[in-house]
Amino acid sequence: MKKNLILLLAIITLINISCKEEKKVATEPTQMQNVMAVHDEVMPKMSEIGKLITSLKPMADSTETGLQYRETINELKNANKSMMDWMQGFGDKFDSDEVLSGKALSPEKQNLLDIEEEKIKEVANLMNSSIAKAEALLKK
């Protein structure tokens, strides 16, 4: 009887420990969370783009040297516009429950998310490269 009780307690303890271990396992971020992480990373850079445009404008004259400043300003403006366009399009395609609460996506919405993930990565690259170009130009 004592052996059975010890065995039963050992089994219960093992089950209890294994259940607790499952809770400790970190879950992978969802695709939606990854998309929003890229957005959240580059969104603050929009104000940096505005500051860079302001800094470049005085040098963007009609000379040949001024041309590179005008081109860089246009790249910054295009990067800013691409972010605004992406946010508008994304907001039109997904509701807040899908974005914030992890609501399950239909197959059609999943396909849209795949496309939007690629788009936000392109936007991030455009923003980062235009900022880097502008900063390099200002250091000259």
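The following conversation goes through a predicted model of one protein chain.

User: What is the pattern of the protein chain along the sequence?

Analyst: The pattern reads α-α-α-α-α-α. The chain holds six helices and zero strands; helices (H or I, at least four residues) and strands (E, at least two) are DSSP runs, numbered from the N terminus. Residues are numbered from 1 along each chain as its sequence is written, and side-chain values use heavy atoms, leaving out hydrogens and water. Because this is a predicted model, local features need pLDDT of at least 70 and side-chain atom pairs count only at pLDDT 80 or more, whereas totals for chains, interfaces and linings use all residues.

User: How many of the residues are buried, as a percentage?

Analyst: Of the 140 residues in the protein chain, 25% are buried. Buried means under 20% relative accessible area, exposed means over 50%, and partly exposed lies in between (1.4 Å probe, protein chains only).

User: Which residues have the most contacts inside the largest nonpolar core?

Analyst: They are Ile 49, Leu 56, Leu 76, Met 83, Trp 86, Phe 90 and Met 127, in a core of 26 residues. A nonpolar core is a set of buried Ala, Val, Leu, Ile, Met, Phe, Trp, Tyr and Cys residues joined through side-chain atoms within 4.5 Å. The elements giving two or more residues to this core are α2 (31–42), α3 (45–56), α4 (64–93) and α6 (107–139).

User: And which one gives the most?

Analyst: That is α6, with eight residues.

User: What is Leu 76 in contact with?

Analyst: Setting aside neighbours within four places in sequence, Leu 76 is in contact with Ile 49, Leu 52, Ile 53, Leu 56, Ser 130, Ile 131 and Ala 134. Contact means heavy atoms within 4.5 Å.

User: Turning to α3, which residues are buried there?

Analyst: Met 46, Ile 49, Leu 52, Ile 53 and Leu 56 are buried in α3. Down the helix axis, these buried residues fall within an arc of 115°, so they line one face of α3; the arc is that of the directions from the helix axis to the C-beta atoms.

User: What do those buried residues pack against?

Analyst: The buried residues of α3 pack against α2, α4 and α6. On the face turned away from the buried side, α3 carries the exposed residues Lys 51 and Thr 54.

User: New topic: how many aromatic pairs are there?

Analyst: The structure holds two aromatic pairs. Rings of Phe, Tyr and Trp (its six-membered ring) pair if their centres lie within 6.5 Å; planes under 30 degrees apart count as stacked, over 60 as edge-to-face and the rest as tilted.

User: Why is the pair of Trp 86 and Phe 90 stacked?

Analyst: Their ring centres are 4.7 Å apart and their planes are at 25°, so the pair is stacked. Both residues lie in helix α4, four residues apart, about one turn of the helix. Phe 90 also forms a tilted pair with Phe 94, at 4.8 Å centre to centre and 35° between the planes.

User: Lastly, where is Ser 82?

Analyst: Ser 82 is in helix α4. Ser 82 counts as buried at 16% relative accessibility. Not counting residues up to four places away in sequence, Ser 82 touches Val 123 and Leu 126.
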